[in-house]
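Please look over the sequence and the model below.

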Amino acid sequence: MKKGVIAGVAAIALAGIVAASIPFAEKFASAVIKAEIERGGTATVGRVEVGLLARRVVLADIRSSQGAGMSVGRWEASGLGWPLAELLQGRTPLGGFRWGSPLQADRIELQRVHLGDWGAGGTWSVEALVLEGLDLARFDASEDGPYRDQVVLARAMTALSVRRVEQNGTVFAMSGSGDTFAVSKIVVERYEAGRMASAMAVGVEATAGRGRAPLFRVADIDVRGLDVRRNLVALSSADWHPDAPLGRVGVDRANASGFSGDTLARYGASLGSVNVETVRDSDQVSRTRARIEGFALAPPLRNMEALKLRMALQAMGLRELRLGFDCAGTDDRVRGEITIDRCALAGPDLANINFTARITGADEAFWQAVDDGDLAALYDTKAVLTSARLVAADGGLLERAFKAFAVTTGQPASVVRTNFARDVRRFQPADVLITQDLSQLLDAVARFVEKGGTLTVDARPEPPLAIDRIDYLTSPGADLVTALGLTATLSK
């Protein structure tokens, strides 16, 4: 019984001693970290706090003279998975973090971050940045090429996963001009090695150095399923250079709305929204649709350029110009096909223009060119253009356009229209073989000019045009009509 009591008292006493020693250990660790950060004279820190039990480190008033120069008002990390030995040597994620080392933290918060001028580059500042659930795996940082910073950063982004990122008050200012690019708020959810479950930006705007109002502003950008893994793989290569292809960016759904700014207001332009959506039927089949909605042009009387546009619209009998764009396509890697199912530009009381096309025989080289942005790979593909169609339905555009030309030339609209149709029939494009088929094609276009209606231009090359022969279409003396199998028809 007595032995048990003695053991309990000893355990309590030991716990008390440990608890009492923790503050001294934390002060000692803080002093060591501060000294190590400031060793060498390239960085200073105003205050360091260490919470051993909470695995928490706070650095206040950090200033570094390395590279572009950096200052951070406050850096706080909690739930650190960072070796204590590293901390005691001053190697913290800002003070002595070695590129390539792993890092885990439940939460990292930075306030009043400022990066100085990169030569003639600019400055970057952030009011607050919070990262939750950060896990940076070990990665290869052994790179000494001319683009080391970009390559190593891409490798770090490939090794990184973050549950949530929130960034507030971001401003990038260009040196010399003082032009700025700013974002009020950015939120990224579930970032995994280059793929984001969602990304949102609020208040994106560009402002001239001497201007007060933004030149261009987007109120909201919402992106789901953003995938930049191909881009990071390309950037991570030691052979990367600024002209190297980066590949395409994948996205499940994206929407941008609330467009404004002095540039749009100058010409009386407005834009409702821009949308992109990709639906994946499987890993091999996907359908993508892009839309631009709510575009309108109503030039004000505030400058000479806008006045000219307004006069042109008035000459066409229009108070404003409204346009909509809707384009949809399908990638089918099982069948080796890529199609433009519909690409339509529509203007009320003007015209409707629709384009469709189909490429077959898409092989590995073709998909490499599409996915990696490597256009040179197209010369190795066996893919062919099977068909394409352009349909232009006049809804009043021709009549309005020739009335406007008549005002400027002082001739009757009927005369202007007849002369234009005559010029179309006589048109002889340079470096193109003039054939009877081309003359028939131009005659159909001329009749469309004269009468309106619906003009359909079909391309059905026989044999199908190989993608690696596209250069032939721009070579001197090319027979475009035969090579593309062009025909034109006119209907009411």
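Predicted model: local features only at pLDDT ≥ 70, side-chain atom pairs only at ≥ 80, totals over all residues.

Author: Residues are numbered from 1 along each chain as its sequence is written, and side-chain values use heavy atoms, with hydrogens and water left out.

Reader: Is Glu337 buried or exposed?

Author: Buried means under 20% relative accessible area, exposed over 50%, partly exposed in between (1.4 Å probe, protein chains only). Glu337 has 11% relative accessibility, so Glu337 counts as buried.

Reader: The side chain of Glu337 makes a polar contact with the side chain of which residue?

Author: A polar contact is a pair of N or O atoms within 3.5 Å; within protein, one must be able to donate a hydrogen and the other to accept it, and residues adjacent in sequence count only if both atoms are side-chain atoms. At 2.6 Å, the side chain that pairs with Glu337 belongs to Arg358.

Reader: Is Leu297 buried or exposed?

Author: Leu297 is found in strand β13, residues 285-297; strands are DSSP runs (E, at least two residues), numbered from the N terminus. Its relative accessible area is 13%, so Leu297 is buried.

Reader: How many Å apart in space are Leu297 and Leu313, C-alpha to C-alpha?

Author: In sequence, Leu297 and Leu313 are 16 residues apart. In space, their C-alpha to C-alpha distance is 9.5 Å.

Reader: Which strand holds Phe325?

Author: Phe325 has 30% relative accessibility, so Phe325 counts as partly exposed. Residues 321-332 form its strand, β14.

Conventions. Helix = DSSP H or I, 4+ residues; strand = E, 2+ residues; numbered from the N terminus.
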